[in-house]
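Q: Could you walk me through this one, feature by feature?

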Amino acid sequence: MSQNIKVTKRPTYTLKHALYLPAIAAGVKVTFKHFFKNISDINAVATLRYPEEQPTDITQRYRGLHRLTHRQDGSVACVACFMCATACPSNCIFIEAEERDDGVDEKRPKSFFLDTLECVFCGYCVEACPCDAIRMDTGIFSLTGNKREDFVMDKEQLLSHKGVFSEELSRARF
Amino acid sequence: MSSSAITVVIISFTLGTLLALLTIPILVWMERRVASLIQDRIGPNRTNIFGFRLGGIVQSFADVVKLLLKEEYYPAHITTGRWLFMFAPIITFVAALLAFMAIPFADTLNINGEMLRVQPLPIDFGVFWYMAIGAVGVLGVIFGGWMSHNKYALLGAARAGSMVISYELPLGLSILSFIITYNTVDFNVMVHFQTGTALGFLPAWGIFIQPLASIILIIALFAETNRNPFTVAEGESEIVAGYMTEHTAMKFAMYFMGEYVAMNTASAVIITMVFGGYQLPYFATEDLLTHFSTFAVIIMIVLPLFIYGFIKWMQKNNRVKETLSSDGGRAFETRFFTIAFIVMGVVLEFILLYLAFISQSDLERSIYIAVVQVAIFVMKLMLFNLFFIIIRWTLPRFRYDQVQTLGWKYLLPLSLVNIFITAIVVVGASL
């Protein structure tokens, strides 16, 4: 029985531990090393100097601001099927559909509003879209505005965003 | 009183007020920058006035403006004792400020036979003054927490109260052993005592003569200033902001600034009692006066090296990475301060040349030595403040009962034993 019991040797509590001051000295040594290293060369600190220095580590899978893709003729790829609005957990997509009479397709959105203040950037709309019409590959991570209305994206704004990683056009509707 | 006496009093009072009040923004800035450098961050470096950012000090002034312009909010549930609620931060702040005023910044000036103290309050019982006024500061903490009618604030005040009784005794007893050793209650005489050498090679600083009492004094003063590792009165993980939970805007700022003034005062007291005060190690004021020319030549050699090193450091660090297009005016600032420091160095060199080789006036020389001593004092003060800050960003907080255990079970017996030994040695030496 006893061969299965592993006895861990506990560190002995010596006078050095009881004094507590050697431990403080060791801690101060660590912090002072960092302090001295950084004060002698501040530019070696890895912090991103943000507004001047933009992040370079945004990957293809990064969920940035949304965009609506185009067809080859430049018209909107969305067919106003409401899949994204249905999938949206924060109910921030508002679509109004209209009939498409140019013979390319049957339906298109008359208006497409996306409230980015409500959006949680989960990407479910992208997953739900059957036409590859909405994507989050713009790489835009920062959105600013002066009033709440500035954050509600309409169809034209969403169409004007450019994808930075893949082709501009929808891969499901041509 | 002669006109020179009045001048010295006014100058030392101004100096004391400036040293206590103007160091607040510098200490707040130091705390933030040192914290960030320790944690491999950068810290505040953006705020500027016409492109001058002084490494970020301007941020502290912006913070003060923000706190001054904030809405004065009074908690509606405080019905009784509102004046005490308002008055409590002022007690803490003023107590710390007054305690600082008993510190000598330079040796006693001898102007035409008049001995003039360079001390904002020219008193010869500075230690008693410090012990009396310094202990009042915690009353502000207790009143503020008690009058807030808030459970967190009350708990914070109770903790502050329990802490004060556990560290005040070791503090007083360790100061008592210093009084026995130095045989005085005058800070200036204490500094004089520490100018010689101990055991032949060490400077006769308190830390070498009374190591145990020095460590107890430093620990107790860390507790008195409410700094880490003794921030039990405002442990944000358990009791929000502790005693200052209900205090907003300038009332909060008073507590906040009071903490830094208290830290500065504690540093000044520790330096004066333990680290030789305004004196250089090994050299007394009389030595400097008799060998003034040698001393001046040494400073004339060291000063340009120091300025050169600082300018090199500034040119290396007051700029942005090469990859960035704009440096936000840092190049201009660096150029301005490079020229300013060179001009300052040249002016100081000429003053030193004049004092060392042309002027033979003892008065001018002693005034110059007083200025040098103030500079040494400020340097030591800032170094010890840096130590306070580094300790804060190194250690975790003690638990509230651990502070009491430390105070009552370890520091109190140790300081009693130390007094006993000190008394035996002092009496034995006098026989």
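**Helix packing, sheet and interface**

A: Happy to. Let's start with a helix contact: B:L84, B:F85, B:A88, B:P89, B:I91, B:T92, B:A95 and B:A96 in α4(B) meet B:G137, B:L139, B:G140, B:V141, B:F143, B:G144 and B:M147 in α6(B). By class, this contact has 11 nonpolar residues, 4 polar ones and no charged ones. Bear in mind that this is a predicted model.

Q: How are α4(B) and α6(B) oriented, parallel or antiparallel?

A: Look at the angle between the N-to-C directions; anything over 145 degrees counts as roughly antiparallel. Helix α4 (residues 82-100) of chain B packs against helix α6 (residues 137-147) of chain B at about 160 degrees, and their axes are 7 Å apart. That is why α4(B) and α6(B) come out as roughly antiparallel to each other. Their crossing is left-handed.

Q: And what about α4(B) with α12(B): at what angle do they pack?

A: About 20 degrees, with 8 Å between the axes; α12 covers residues 249-274 of chain B. Angles under 35 degrees count as roughly parallel, so α4(B) and α12(B) are roughly parallel to each other. Their crossing is left-handed.

Q: Which residues make that contact of α4(B) with α12(B)?

A: On the α4(B) side, B:M86, B:P89, B:I90, B:T92, B:F93, B:A96, B:L97, B:A99 and B:F100 take part. From α12(B) come residues including B:K251, B:M254, B:Y255, B:M257, B:G258 and B:V261. Sorted by class, the contact has 14 nonpolar, 4 polar and 1 charged residues.

Q: Let's move to chain A. What is the strand order in its open sheet?

A: The sheet has 3 strands in the order β2-β3-β5, and the pairing is antiparallel. β2 and β5 of chain A are at the edges, each with a single partner strand, so each has one side without a neighbour in the sheet.

Q: How many bridges hold each strand pair of β3(A)?

A: Strand β2 (residues 93-99) and strand β3 (residues 107-115) of chain A pair over 7 bridges. β3(A) pairs with strand β5 (residues 152-153) of chain A over 2 bridges.

Q: Last one: how many residues of chain B are in contact with chain A?

A: For an interface, count each side, then ask which elements contribute. Here 16 residues of chain B are in contact with 17 residues of chain A. On the chain B side, α2 (23-38) and α16 (362-392) each supply at least two residues. The largest share, 3 residues, comes from α2(B). By class, that side of chain B has 10 nonpolar, 3 polar and 3 charged residues.

Conventions: Residues are numbered from 1 along each chain as its sequence is written. Chains are lettered from A and ligands numbered from 1 in the order in which they are written. This is a predicted model: local features need pLDDT of at least 70, side-chain atom pairs count only at pLDDT 80 or more; totals for chains, interfaces and linings use all residues. Two residues are in contact if their C-beta atoms, placed from the backbone, lie within 7 Å. Helices (H or I, at least four residues) and strands (E, at least two) are DSSP runs, numbered from the N terminus. Ala, Val, Leu, Ile, Met, Phe, Trp, Tyr, Cys and Pro count as nonpolar, Asp, Glu, Lys and Arg as charged, and the others, Gly among them, as polar. Two strands pair if DSSP finds at least two bridges between them. Axes are lines fitted to C-alpha atoms, for helices over the stretch in contact, and angles run from 0 to 180 degrees between N-to-C directions. Angles under 35 degrees count as roughly parallel, over 145 as roughly antiparallel, 65 to 115 as roughly perpendicular and the rest as oblique. A crossing is left-handed if the near helix is turned anticlockwise from the far one by less than a right angle, and right-handed if clockwise.
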